[in-house]
Amino acid sequence: MTFRAEEIEQVLKRLEAVPGLEGSALISADGFMLASSLPPDISEDRVAAMGAAMVSVAERVNKELRRGRFELAIVSGGDGYTLAAEVGVDAILIVLASKNAKLGLVFYEVKRAAEDLARVLGR
């Protein structure tokens, strides 16, 4: 494992300590898994593909509605939330949160993790 991979893992592990967060993953913009800390019953390939699709739609919405550069997308479901945060140009942080998660804390930690990952990746 490279030094950079260890740093990425540390950031994802730190997210595990946030109450209500169920898993996280760093994916490439084209939908490939780079690193993850997901529950065993969640498919890494599915998270990577759906995360990239989610961001693609969010980027298009921002462009068409003149909302600026994409930063964060949130999908709310009956059982929880899926968040996607931009990590530089080529990577995306995906976070799964339970319905009872404190969203202010989740947003803060996701933003902090995305900034840390961008630094680690040199973006």
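Two strands count as paired when DSSP finds at least two bridges between them. In this predicted model, strand β1 (residues 21-28) and strand β2 (residues 33-37) are joined by four bridges and run antiparallel.

One place to look is Leu21, whose bridge partner in β5 is Ala97. How many of the eight residues of β1 are buried? Seven are, so the strand is largely enclosed by the rest of the structure.

## Helix α3

Next comes helix α3, which covers residues 103-121. At 1.5 Å a residue, its 19 residues should span 27 Å, and the end C-alpha atoms are 26 Å apart, which agrees.

Several α3 residues are buried, including Val106, Glu109, Val110, Ala113 and Ala114. Asp116, Leu117 and Leu121 are also among the buried residues of α3. An α-helix has 3.6 residues a turn, so residues three or four places apart point the same way. Gly122 follows α3 and has a positive phi, near 75°.

## Arg66 in its loop

Most residues other than glycine have a negative phi. Arg66 is not a glycine, yet its phi is positive, at about 50°. You will find Arg66 in the loop between α2 (44-64) and β3 (72-77). Is Arg66 buried or exposed? With a relative accessible area of 74%, Arg66 is exposed, because exposed means over 50%.

How values were computed:
Residues numbered from 1 in each chain as written. Predicted model: local features only at pLDDT ≥ 70, side-chain atom pairs only at ≥ 80, totals over all residues. Heavy atoms only, no water. Helix = DSSP H or I, 4+ residues; strand = E, 2+ residues; numbered from the N terminus. Buried < 20%, exposed > 50% of the residue type's maximum accessible area, 1.4 Å probe, protein only. Expected span 1.5 Å × (residues − 1).
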